[in-house]
Amino acid sequence: MITVTGATGQLGRHVIEALLARVPASEITAAVRDPAKAADLAAKGVRVVAADYNKPESLAAAFKATNRLLIISGNEFGQRVEQYERIIAAAKAAGVKFIAYTSIVNADGNPMYLGADHKVAERLIAASGIPHAFLRNSWYNENYVTSIQGGAAHGAFIGASGTGKISSAARKDYAEAAAAVMAGAKTGTFELGGSGAFTLPDLAEMIGKATGKPVAFHNLAPADYAAQLKGYGVPEGMAEALADSDRHAAEGWLFTESKDLETLIGGKSTPMAETVRAVLAG
């Protein structure tokens, strides 16, 4: 049995779909906080179980009969380390034979605030003694939907990553890679990034080509970028995290020359320009 945590999330749903193309539905468990939100997966024959990262008893029940576990990283910052400790303890108790975890690209040295918990999670999994894989995902193309929409509507968008190269790919690409690893129980560390890197000035050019109008990228100091985001209504913690991510993206931490993603999915990842066109097509 392959169990996927966070299976109703944006990445999790893509992973389930990719797994359904590889293994029978009866061999897949969707571990979710609210089973009612996974009714469509249950209708496809996927086993749906309740699993809350903050409730150890739910994890023990969810992982029963699980051979391979995919831990999709959570988004409750400040609580994630304790959550991972619970998940790994439950996996060991259930006799799980293989764990894969969605980490961050260049995790060994990545100084991003968002990378700190990933480093701890990797250490905890390695210390568990369970065979494992680290899926070190770079940014998602979809992270730039707001920038694409804003650039198209206003002729400009903001950020703080300067001319730093970003090796992003679409969520479905990372999901396909995760499914390949889970179906084959492939152990190892996979640095996953898109086939073609870009900078935010490049993104502005892509949006301009798609709209037929000039689009500018305005690079701000990280503190100014965070302040602008807060002014737009982004919660303070998230605004600071996004500005921090851009600051380190400018230093190259979201760039990788690794071809692990292409190897796992058997081809090129989704180009950013394709995502731009899809977003603007609505």
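Predicted model: local features only at pLDDT ≥ 70, side-chain atom pairs only at ≥ 80, totals over all residues.
Glu17 counts as partly exposed, at 36% relative accessibility; that label covers values between buried, under 20% relative accessible area, and exposed, over 50% (1.4 Å probe, protein chains only). Residues are numbered from 1 along each chain as its sequence is written, and side-chain values use heavy atoms, with hydrogens and water left out.

Let's start with charges. Side chains of opposite charge can pair when their charged atoms come close. A salt bridge here is a side-chain nitrogen of Lys or Arg within 4 Å of a carboxyl oxygen of Asp or Glu. Glu17 forms one with Lys44, their closest N and O atoms being 2.4 Å apart. Glu17 lies in helix 1 and Lys44 in the loop between helix 2 and strand 3 (47-50), so the pair ties together parts that are 27 residues apart in sequence. Helices (H or I, at least four residues) and strands (E, at least two) are DSSP runs, numbered from the N terminus. Lys44 is also partly exposed, with a relative accessible area of 40%.

Now look at Arg13, which forms a salt bridge with Asp40, the closest N and O atoms lying 2.7 Å apart. Arg13 sits in helix 1 (residues 10-20) and Asp40 in helix 2 (residues 39-43), so this pair, too, joins parts 27 residues apart in sequence. Arg13 has a relative accessible area of 27% and is partly exposed; Asp40, at 36%, is partly exposed as well.

Asp244 and Arg247 form a salt bridge with closest N and O atoms 3.3 Å apart, and both lie in helix 10 (residues 236-249), three residues apart, about one turn of the helix. Asp244 is buried at 14% relative accessibility, whereas Arg247 is partly exposed at 37%. Elsewhere, Asp108, Glu122, Arg136 and Glu191 are linked in a network of salt bridges.

Next comes the nonpolar side. A nonpolar core is a set of buried Ala, Val, Leu, Ile, Met, Phe, Trp, Tyr and Cys residues joined through side-chain atoms within 4.5 Å. The largest one has 35 residues, and Val4, Val15 and Leu70 have the most contacts inside it. Its largest share, seven residues, comes from helix 7. A second, separate core of 24 residues includes Trp139, Tyr144, Val215 and Leu254.
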